[in-house]
Amino acid sequence: MYNPDEKRYEKMTFNKCGESGLYLPKISLGLWQNFGDNADYDEMKDIVLTAFDMGVTHFDLANNYGPKPGAAEVNFGKIVRENLMPYRDELIISTKAGYRMWDGPYGIGGGRKYLISSLDQSLKRLGLDYVDIFYHHCMTPDTELKETALALADITRSGKTIYVGMSNYNGKKMHRMYHRCDDLNVPFIINQNRYSIFDRTVEKNDLKKEAKSKKKGLIAFSPLAQGQLTDKLANGIVENSRLFNNEELQKKVGYSEGRQAQIAQLYKIAKGRGQTLSQLAIEWLLQWGEVTSVLIGVHSKAQLLENLKALECEPLSKSEIMQINAIAGK
């Protein structure tokens, strides 16, 4: 029988999520990859329980996380039922809907039927009565924001979620959704977007600015830029890396000879500080104070513990931040 570490809350610090009453750990665990049908169950369980022992209370999913779609929710739900159900009130569990989940016109988008049906399916896979945060996963131009907001309002009032969030929205759409949700008393508290030293989309599209202005939380995924900001790539792509022999992913994340030179320079800074490049990348995100939490995705307990050590590192100096930004060309 699982008994969590009694000192788990001494190991983690928490940030307030905007002006809401919710606090999130500075580092949260994302189950986007490595939690599907192709993963080992015992290893998944070890990662989740170790995370909780380290004070990680927030676990992030989506309806389409796998492979196959839905598998991550099934696997995580089993881990919770078998080990963490006595601690359900200490967990923040989130899921999402927006991208394609099933065939036909009702398996994608921001429409009322899809969002409500998808969450019902997610709860069944998870074996839970409710989630703590339910996100609209992506902007859907073919559906009016009013309908999406109304669906989120009704989902909240039905008790199937406590809070709602927006994922992959830009600043303009987030601003408009803020007003739609405010009109309907929807507890919209958080935005989830890609953010890393290399990917500054949330700065370019004003999402970070709008989130701060509207006092909403901001949680960053892909903090390591799909594995680019790790020691593993310090001297180039190696065989067991995510980018190895994957030209499509390399192009998508902007990997090139120039990017490799940037990685090598950032690696040198990290080593000079006595930390790994991944720890530097996570610390860089948290030092602004505008990022509520950083979502990490890991394939092993060792990788989880390494990333969590970012919280123990010395704060970045202004000159180091300027140097990092200069290397990244930002």
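This is a predicted model: local features need pLDDT of at least 70, side-chain atom pairs count only at pLDDT 80 or more; totals for chains, interfaces and linings use all residues.
## Nonpolar cores

Let's start inside the protein. The largest nonpolar core brings together 89 residues. Leu29, Phe59, Phe76, Leu84, Ile197 and Leu229 have the most contacts within this core.

Leaving aside neighbours within four places in sequence, Phe76 is in contact with Leu31, Val48, Phe59, Leu61, Ile93 and Leu126. Another core, of 12 residues, lies apart from the largest one, and includes Ile133, Tyr135, Ile189 and Ile190.

Next, have a look at α9, which covers residues 257–272. With 16 residues at 1.5 Å a residue, this helix should span 22 Å, and the 23 Å between its end C-alpha atoms agrees with that.

The buried residues of α9 are Arg259, Gln260, Gln262, Ile263, Leu266, Ile269 and Ala270. They pack against three helices: α8 (247–253), α10 (277–286) and α12 (318–328). After α9 comes Gly274, with a positive phi near 75°.

## Cysteines

Finally, the sulfurs. The structure holds zero disulfides. Cys17 is in no disulfide, and its nearest cysteine sulfur, which belongs to Cys181, is 14 Å away. Cys181 is likewise in no disulfide, with the sulfur of Cys17 as its nearest cysteine sulfur. A disulfide needs the two sulfur atoms within 2.5 Å.

Are these two residues buried or exposed? Cys17 counts as buried because its relative accessibility is 0%. Cys181 is buried too, with a relative accessible area of 1%.

Key
Residues are numbered from 1 along each chain as its sequence is written. Side-chain values use heavy atoms; hydrogens and water are left out. A nonpolar core is a set of buried Ala, Val, Leu, Ile, Met, Phe, Trp, Tyr and Cys residues joined through side-chain atoms within 4.5 Å. Buried means under 20% relative accessible area, exposed over 50%, partly exposed in between (1.4 Å probe, protein chains only). Contact means heavy atoms within 4.5 Å. Helices (H or I, at least four residues) and strands (E, at least two) are DSSP runs, numbered from the N terminus. The expected span of a helix is 1.5 Å times one less than its number of residues.
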